[in-house]
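Work through the exercises below with the sequence and the model open side by side. Each task is followed by a solution in steps.

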Amino acid sequence: MKIYILADMEGVSGISGSSFVLADGANYQLGRKLLTQDINACVKGCFKAGATEVIVCDAHCTGSNILWEELDPRAELIQGNGYRARFPEIAGSAGLILLGYHAMAGTFEGLLEHSYSSREIQNIWINGKKVGEFGIDALIAADKGIPTIMTSGDDKLCEEAALFHPEVITCQVKKGLGCQAARMLSAIKAHELIEKKTVEAIKKIKTIKPPKTKFPVTLRVEKIERGTVPNRDSVKLVDGRTYEAVGRASVEDAFKKLFC
Ligand SMILES: [Zn+2]
């Protein structure tokens, strides 16, 4: 059984602000270590629950945050960026884990809330429903018939995920007290929880169905600044800051038209 872990950084246990997730931030090197520790707790849970192959994709920013030399040797790492697919090498996976995730842009007291780019994007909708990265990623995996089985992050991420995809197992490692503040579990407790929730998710994997969406699917993006809408044929202009793209049979298709 192959499990695919897509790792972001904002929802990692022990991370409470931008200084941990920006490459020039004062706490970034600590942030990398904390990220790797959360991943190792998750990998441990995967193998404990019966996984035979685990792929970890480093999905934050440039994709070179995870401390490769400290990664559990049973897992393999996808590092870097610029690949065409949202989830490279995901084919054949029994389940997807969205680890270290965060709430959508604009979420009240969501720790480091944003949707793909905090500098550029105000809102994203899918078929008229507001979504964040959790929802879009869960649907891109669903395109391939792969269920999103577990996600970890703050309380706001967990609420958003449970609303969007009620079957997903949520793992709350901290409580957002604002965009740059959180109340956190200790490292030991957080790692134990991640391992436990991963085991629970994999044990339930056969009962967790991928979330459904209607096709053709429309993804709409509202930018923060005017004059930043891309000028290309694949997108339709809605107004000076808003544009959308249609995916005939896949969410990833619409996603690529907007962002790639
Ligand atoms: Zn990130």
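**Exercise 1.** At what angle do helix α2 and helix α3 pack, and how far apart are their axes?

**Solution.** This is a predicted model, in which local features need pLDDT of at least 70 and side-chain atom pairs count only at pLDDT 80 or more, while totals for chains, interfaces and linings use all residues. Residues are numbered from 1 along each chain as its sequence is written.

Step 1. Locate helix α2 at residues 133–143 and helix α3 at residues 155–164, where helices are DSSP runs (H or I, at least four residues) numbered from the N terminus.

Step 2. The two helices pack at about 40°, and their axes are 9 Å apart; axes are lines fitted to C-alpha atoms over the stretch in contact, and angles run from 0 to 180 degrees between N-to-C directions.

Step 3. α2 and α3 are therefore oblique to each other, the class left once angles under 35 degrees (roughly parallel), over 145 (roughly antiparallel) and 65 to 115 (roughly perpendicular) are set aside.

**Exercise 2.** Which residues of α2 and α3 meet?

**Solution.** Step 1. From α2 come F134, G135 and A138, which meet L157, E160, A161 and F164 of α3, a contact being two C-beta atoms, placed from the backbone, within 7 Å.

Step 2. Sorted by class, this contact has five nonpolar residues, one polar and one charged; Ala, Val, Leu, Ile, Met, Phe, Trp, Tyr, Cys and Pro count as nonpolar, Asp, Glu, Lys and Arg as charged, and the others, Gly among them, as polar.

**Exercise 3.** What box do the C-alpha atoms of the protein chain fill?

**Solution.** Taken along the principal axes, the box is roughly 50 × 40 × 30 Å. Among contacts in the protein chain between residues at least 6 apart in sequence, 64% join residues at least 24 apart.
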